[in-house]
Structures are given as C-alpha cells and as structure tokens.
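Welcome! Have the sequence and the 3D view at hand as you read.

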Amino acid sequence: MPQMNMIQALNSAMDIMLARDPNVVMLGEDIGYFGGVFRVTDGLQRKYGEHRVLDTPIAEGAIVGAAIGMGVNGLRPVAEVQFADYIYPACDQIFSELARLRYRSAGDFWAPVTIRTPCGGGIRGGQTHSQSPEGIFTHVCGIKVVMPSTPYDAKGLLIASIEDDDPVVFFEPKRLYNGPFDGDVNKPAVPWSTHPKGEVPDGYYTVPIGKAEIVRKGSAVTMVAYGTMIYVCEAAARALGIDAEIIDVRSMVPLDTDTICTSVKKTGRCLIAHEATRFSGFGAELSATIQEECFWDLEAPIGRVAGWDTPYPHAFEWEYFPGPLRVAAALQAVMEAA
Amino acid sequence: MARRSRLHIPQHHSRPGEEPDFSYLETSPAGAVPRPDVNARVRDIGSLSIDLVRVLDDSHVAVGPWNPHLEVPDLQIGLRHMLLTRIFDERMQRAQRQGKTSFYMRCLGEEAVSVAQGMALRPKDMLFPAYRNQGLYVVRGRPLVDLMCQLLSNTRDMCKGRQLPVMYHWAEGRIFSISGNLTTQFPQAVGWAMAAAIKGEDDIAVSWIGEGSSAEADFHHAMLFASVYMAPVILNIVNNQWAISTFQGFAGGEQRSFAARGPGYGMAGIRVDGNDFLAVHAVTQWAAERARTGAGPTLIEHVTYRGAAHSTSDDPARYRPKDDYEKWPLGDPVLRLKNHLIALGEWSEERHQALAQELEVHVTESWKEAVQYGTLTDGPRLNRDLMFQDVFKEMPEQLRKQREQLRAEQGV
Ligand SMILES: Cc1ncc(C[n+]2csc(CCOP(=O)(O)OP(=O)(O)O)c2C)c(N)n1
C-alpha cells in the first residue's frame with residue numbers, strides 16, 4: 001500500500017472527491033495556484049481548473065458565507081481557513097448561519113459545507129498560529145466537529161465530511177502533517193513513511209464520522225484524546241509502563257460515547273488529554289459525560305490534562321504544550337488515586 | 001460531465017518563468033495631479049483616488065503642487081531611516097536563517113511608506129501598524145536592541161515572550177501592539193481617533209494594512225465608522241501588489257483602485273506613488289491636517305511592491321517571476337531619494353557608502369548586545385512564570401495553581 005504523510009492523504013481525499021463529484025469545489029486563501037501555505041491543495045487547481053479550486057480574497061467571513069450560498073445552490077464546497085486562529089471572522093456565518101440553516105428552515109435549506117483548518121501548536125507559531133479552538137465549535141448545535149490523528153483517518157474522514165450533507169469543521173493537527181509527534185522536541189522527527197498509519201490506499205474509502213477508535217488496547221486506565229495528544233498519551237503510558245487503553249475520539253460531534261464509556265467501565269479509570277486550554281475545553285464535556293455514564297464503575301476521579309489557561313506563548317512553546325511529562329504526571333495521579 | 005463555468009477569475013499578469021508584466025499599472029506623470037485644499041469636499045476630489053500622486057520625476061527633480069519642500073537635513077534623515085530599516089531587515093533575515101529566531105518579515109521596497117509617514121506625523125499621533133511597518137519604530141527612535149530582543153524572545157523582550165517575532169508594541173512611543181489577525185487594528189484606530197475627538201484633543205490616529213487585508217470585514221467597518229463620525233484618522237492601504245501568493249486583483253484591485261473606496265464611503269481617497277518619499281510625505285501631511293482640523297478622515301493607497309518574500313516561511317519563486325521586483329516600474333524608494341539628494345548636490349556615492357557602513361556597524365553592535373540577553377537557542381531565558389501573568393490584571397486562583405503545577409513539572 002502507498003505511504004502518505006497527512007498532507008498527501010488530505011490532498012488525495014480532495015483529488016478523489018473533485019474527480020467523483022462535479023459539484024465539489026474548493027475555496028480559500030492561497031489554496032489555488034500556490035497550493036496552500038501547507039501545500040495541502042498542491043496541484044489541485046492545475047488538475048481541476050481555477051473554477052473548481054478558487055483562490056479567494058482574505059475574508060474568512062466571506063469564504064464561509066459564500067460557501068453556504070454555493071451549498072444552497074447545489075455545490076459541495078470545501079473551504080479552507082488558513083489557520084484555525086483565523087477562523088473567528090467566519091464565526092457568525094458558522095454559528096448563526098451554517099449551523100442552524102437546516103433547523104430554522106425546517107429542512108428546506110441546508111448547505112453541505114466542509115471547513116478545513118490547521119490547528120494546534122508545536123511549530124513555533126506563537127499565539128496566532130497555534131490555537132486549538134475545537135471546543136468552541138462543539139458548543140454550537142448543528143455542526144459536526146472532526147480531528148484525525150493519522151494520514152489514514154485524515155483521508156477517510158475528509159471524504160466522509162465532504163459527502164456529509166451536514167456542515168463539518170475539520171481540524172487538521174498541523175504538527176502531525178509530516179509525522180507522528182509524541183511531544184518530545186529533542187527526539188529526531190519521525191516521518192509517516194515509517195509508521196503503519198502512514199499506509200493509505202490510493203482510492204476512495206471513508207472513515208465514518210461519529211466513531212472513535214481504540215488505538216491501543218489496555219486494562220489499567222482509559223486515556224481519551226485526539227489529534228497530536230494521541231502520541232503524547234502513548235509515550236507517557238509507555239514511559240510509566242502502564243497498560244493504558246488509548247482512545248482516539250476522532251469525531252467530537254457526534255461523539256462516540258459507547259466506545260469511550262465501554263472502555264472506562266472496563267478499566268475503572270480515565271484520563272482525558274487535549275492541547276486546548278483546560279477551562280471549558282472539550283475535556284469538560286468528555287469528563288461530564290463519562291462521569292454520568294460510568295460513575296459506579298469509576299475507581300478514581302477522572303483526570304484532565306490540557307494546555308494552560310493562557311494564550312499560546314511563543315517563547316514557552318514546550319512549557320505550554322501538554323507534553324509527555326505533564327501527561328505522565330496526570331496519569332500517575334489517576335493511577336494512584338483511591 | 002464537463003461544464004462551462006462563467007465565473008470570472010482574476011488573472012495574474014505574469015507567472016514564474018514569464019516576463020514580468022506591469023502593463024496593468026496606471027500611473028500619472030510626476031507633478032501632474034493637482035493638490036486640493038485640505039478641507040475640500042469629498043465629491044470634488046474624486047480623481048485623487050484614481051490618479052497617482054508623484055513628486056519625483058525621472059531626472060530626480062521634485063516637481064508639482066505636491067512637492068512638500070522639505071529641508072535638506074530632513075531629506076537626509078529620511079534616507080538614513082530608510083537605509084537603516086533595510087539593513088536591519090537584511091541582518092534579521094540572516095539571524096532567522098541561522099536559527100537565532102523563529103521568523104521574520106522584511107519590508108524591502110516599502111521603506112518610504114513607514115518612514116515618510118512617520119516623519120510627516122506628530123510624535124503624539126497614535127500609530128496602529130501592521131507587521132511590515134518597522135520603519136515607524138526607526139523614525140520614532142526605538143533602539144534597535146529593543147526590537148531585536150523582541151525578535152529573540154529573550155529576557156528583554158517587550159512582549160515577555162508571548163508574541164511571534166515582529167509583533168512589537170511601544171506604549172510610550174505611541175505605537176499599538178501588532179496583531180497576527182489581519183485588519184483588526186483598522187476599526188481600533190478609528191475608535192482611538194473618535195476618543196480623541198470626544199475628548200476634544202487634536203491628536204490623530206493612523207493605521208496601516210496590506211491591500212490583501214482590505215478584504216476583511218474589519219476594513220469596511222473601519223471605513224464606515226470613520227466616515228460616519230468624520231473621525232480624525234488616516235487609514236492606509238499599502239498596496240504592495242501581493243498578499244502571500246495572491247496578487248492584488250484578488251483583493252479587488254482589478255476593477256478599481258483601492259483608494260477609490262474612500263469616496264465610496266464618503267471620505268477622501270488618495271492614490272500615491274508609495275516609492276516616492278516626497279509624495280508619501282506630502283499626502284500624509286495633507287491628510288493629517290485634514291483630520292486635525294476636523295475636515296474628515298482620508299484613505300491613502302500606497303502603490304508599492306513587496307520586494308522580499310512574504311516572510312521567512314515563504315518562497316515567492318513559486319508564484320511570481322524571479323525578476324518581478326527589478327522590473328517594478330516605480331523603482332526603489334531608497335535609490336530614488338538618494339538620487340534626488342545627489343541631484344540637489346546634497347549627497348554623493350561616497351557619503352552614501354559611508355552612511356551604509358556606519359549603519360551596518362550600528363546594526364552589528366546592536367545585535368551583539370541583544371544576543372547577550374538570550375536567543376531562541378541560547379540562554380539566558382525568560383522566567384517561565386511570566387507565561388501566566390497579564391492574562392488578567394490580577395492572576396486568578398486557577399492560573400496560580402497552573403503556575404505551581406508547571407513549577408513542579410519542571411522541577412523548580
Ligand atoms: C484573519 C487572518 N487571516 C489570514 C491570515 C494569514 N495571513 C497572514 S499575512 C497574509 C497576507 C496579507 O497580505 P497583505 O494584507 O496584502 O499584506 P502584505 O503581507 O502584502 O504586507 C495572510 C493571508 C491572518 N494573519 N489573519
């Protein structure tokens with residue numbers, strides 16, 4: 001099977017969808033001729049034309065607003081927001097419009113828009129190229145929220161998102177574009193070409209939205225994470241020699257409560273990890289849901305490990321990032337409690 | 001299922017491997033554009049937003065009604081500031097290449113915008129810059145060491161390590177904090193100007209964005225508020241032809257000038273040769289007086305060219321001809337002012353060489369000092385506790401706890 005990094009896998013998903021469905025169009029800043037600042041759309045305009053892969057003015061509100069209009073008029077738009085940190089000008093169109101159109105028109109109008117956006121830290125991007133705002137989007141009813149952690153899932157989930165008739169905000173953990181990253185910057189970078197999840201079929205396939213994946217089976221504790229934190233969790237559990245079951249949420253909305261809670265009921269312990277700030281982060285929703293469903297099976301309070309409740313500081317990138325040390329300490333605490 | 005699209009897509013004039021083509025650029029001869037009274041009515045000065053105000057002609061002589069008649073020492077200071085900005089940029093670009101800092105953005109070819117404007121304003125006027133206005137700091141006299149320490153995120157970093165390089169601020173020097181989010185400063189500058197008017201003060205606010213950034217809604221919000229309240233503000237669009245990989249046609253420049261949006265909102269609009277130090281100075285003085293006397297805001301479009309890559313993360317060879325900048329019809333602002341001074345008999349190649357050398361030494365000395373306070377790779381480092389300060393005025397309990405947790409994690 002071919003090996004792809006996450007950039008190539010995403011590119012392949014879009015290539016396939018542009019070829020399969022003449023209604024699929026892409027729009028975003030620098031995505032066309034240039035191929036995107038992370039090169040995710042490289043070559044697509046050359047192959048499918050300027051009328052299907054559109055460079056746009058720098059106006060995220062207009063990109064999403066126009067995508068809604070295109071969607072209402074029969075197209076299937078895939079919008080790119082260059083960095084998740086720059087999605088806020090589009091939030092009125094996302095929250096008030098895209099998310100509610102189907103509801104307020106009793107199903108008569110809807111727009112199958114996918115919004116792709118790179119998120120997360122670890123690239124020395126400072127506070128405006130490092131954010132993880134996924135939690136904000138999960139708080140709005142009517143949009144699906146997805147974040148893959150492997151090239152295989154990235155391709156399958158993106159195809160599923162584009163085919164989905166509901167709007168999807170698709171977060172791409174950019175630190176994983178070129179390889180898995182366990183939070184230790186001093187280790188040499190690992191490319192996807194040496195990783196089993198870098199094996200990606202050339203052709204069409206989907207990974208269903210709304211299904212979590214157990215990436216490591218274990219019995220001592222359940223670690224619930226997504227995006228870059230999957231690899232940090234693996235490293236922390238390995239370092240402590242703890243037999244953790246690690247679950248990749250993959251889809252925050254809708255949430256696969258079954259897979260998560262079945263695991264927690266089995267292990268009796270749970271640690272939740274994300275890069276985003278802790279307070280009112282998606283971990284709070286996970287923790288509440290798990291507590292409600294698994295209370296009588298829990299042997300210890302649910303732990304949460306996250307980014308600090310500050311903006312992402314340029315100079316303190318690795319003190320900010322919830323790396324293996326912080327995750328290990330949290331894991332230890334969950335194991336020792338009660 | 002081939003369809004025939006009827007959608008218009010703005011067309012680049014020349015792509016990598018092609019001959020640079022600037023036939024789209026409409027210019028006016030130096031001295032040709034009339035200079036109206038500063039309190040002229042918007043409806044009477046519409047052509048200012050379409051023509052191109054130029055003062056320096058092809059033989060390096062200052063001509064026409066916009067000639068600001070600056071004193072020779074001021075011209076020499078302007079040249080010095082522009083040259084220092086350029087040498088500083090080159091050195092910082094190299095520092096990034098050497099891994100001393102993570103990121104840098106040059107303003108090569110656009111130096112006249114910040115320097116001439118900075119000089120035409122009063123020290124108390126409040127500036128709301130974008131990330132390519134480093135010349136403002138040079139004009140207002142911030143020591144280069146301070147800028148370098150920000151670039152290095154070191155122990156003397158004015159941002160305490162929180163911002164990406166080049167996102168400076170200077171409260172005392174009245175230069176607002178730069179945001180990574182494009183165009184947000186535009187309505188803020190208008191609000192600052194409204195406050196000055198409310199307080200009955202005659203300071204004005206001035207803000208800058210790139211032409212690409214004029215696509216954001218914040219541009220339109222700013223224009224609307226500025227014109228509704230006749231706010232004492234100058235709003236600048238630096239049209240350097242490129243927004244990363246997309247040329248100005250994608251920001252709306254294909255059909256009409258950016259300056260013409262001024263009259264569209266009921267405010268004065270001026271299109272100026274952004275590489276002509278004298279013209280930029282003159283239109284800024286005009287707009288400042290107009291704002292200060294309550295005659296209303298002005299939108300200025302500076303027609304210039306982004307000579308360098310967008311940033312150290314960018315490779316322009318992917319999207320424009322390699323020799324595009326050399327073929328730019330409006331030339332190099334530093335060279336043009338230098339030639340003007342030579343034409344006046346007030347400058348020479350020898351003096352220019354000597355100045356360049358002096359400034360090189362100044363930049364090198366500043367750098368030597370700055371790295372003593374730390375670099376991205378070498379200590380000393382900022383205290384990590386600083387990460388938790390200034391989220392709020394008083395640190396809430398939750399952040400105190402997190403600070404303790406980090407101390408424990410790091411074993412301190
Ligand atoms: C809201 C927002 N969207 C996107 C970006 C990413 N971005 C940074 S600079 C830039 C291009 C800006 O071009 P322009 O305004 O013409 O200024 P120039 O860089 O040419 O000086 C883009 C798209 C951003 N910083 N903020």
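How many bridges join strand β2 (residues 205-210) of chain B to strand β3 (residues 233-239) of chain B? There are 6 bridges, and the two strands run parallel.

Before going further, a word on the ground rules. This is a predicted model, in which local features need pLDDT of at least 70, side-chain atom pairs count only at pLDDT 80 or more, and totals for chains, interfaces and linings use all residues. Residues are numbered from 1 along each chain as its sequence is written, chains are lettered from A and ligands numbered from 1 in the order in which they are written, and side-chain values use heavy atoms, with hydrogens and water left out.

**The sheet of chain B**

Helices (H or I, at least four residues) and strands (E, at least two) are DSSP runs numbered from the N terminus, and two strands pair if DSSP finds at least two bridges between them. Strands of a sheet pair through backbone hydrogen bonds, either parallel or antiparallel. In chain B, 5 strands make an open sheet with parallel pairing, in the order β1-β2-β3-β7-β6. Its edge strands, β1 (126-128) and β6 (268-273) of chain B, each pair on one side only. From one strand to the next, the twist averages 20°. Within this sheet, B:I209 has B:I237 in β3(B) as its bridge partner.

Contact means heavy atoms within 4.5 Å; axes are lines fitted to C-alpha atoms, for helices over the stretch in contact, and angles run from 0 to 180 degrees between N-to-C directions. Helix α2 (residues 111-120) of chain B lies across β2, β3 and β7 (298-303) of chain B, at about 140° to β7(B). Helix α5 (residues 185-198) of chain B touches β1, β2 and β3 of chain B as it packs on the sheet, and its direction makes about 170° with that of β2(B).

**The sheet of chain A**

Chain A has an open sheet of 7 strands with mixed pairing, ordered β2-β1-β3-β4-β6-β5-β10. Here β2 (53-55) and β10 (251-253) of chain A are the edge strands. Strands β3 (residues 76-80) and β4 (residues 114-119) of chain A pair in the parallel sense over 3 bridges, and A:E80 has A:R116 in β4(A) as its bridge partner.

**The ligand**

Where does the ligand lie? Its place is between chains A and B. The table gives some polar contacts, meaning pairs of N or O atoms within 3.5 Å.

| Residue | N or O atom of the residue | Ligand atom | Distance |
|---|---|---|---|
| A:Y86 | side chain | nitrogen | 3.2 Å |
| B:G180 | backbone | nitrogen | 2.7 Å |
| B:H310 | side chain | oxygen | 3.3 Å |

The protein covers 96% of the 590 Å² of accessible area that the ligand has on its own (Shrake-Rupley method, 1.4 Å probe).

Most residues other than glycine have a negative phi, and most peptide bonds are trans. The bond from A:V253 to A:P254 is cis, with omega near -10°, and A:P254 sits in the loop between β10 and α9 (257-267) of chain A. B:G379 and B:P380 are also joined by a cis peptide bond, with omega about -5°. A:D30 has a positive phi, near 65°, and lies in the loop between β1 and α2 (44-48) of chain A.

Conventions:
Near = heavy atom within 4 Å. Polar contact = N/O pair within 3.5 Å; in protein donor to acceptor, adjacent residues only side chain to side chain.
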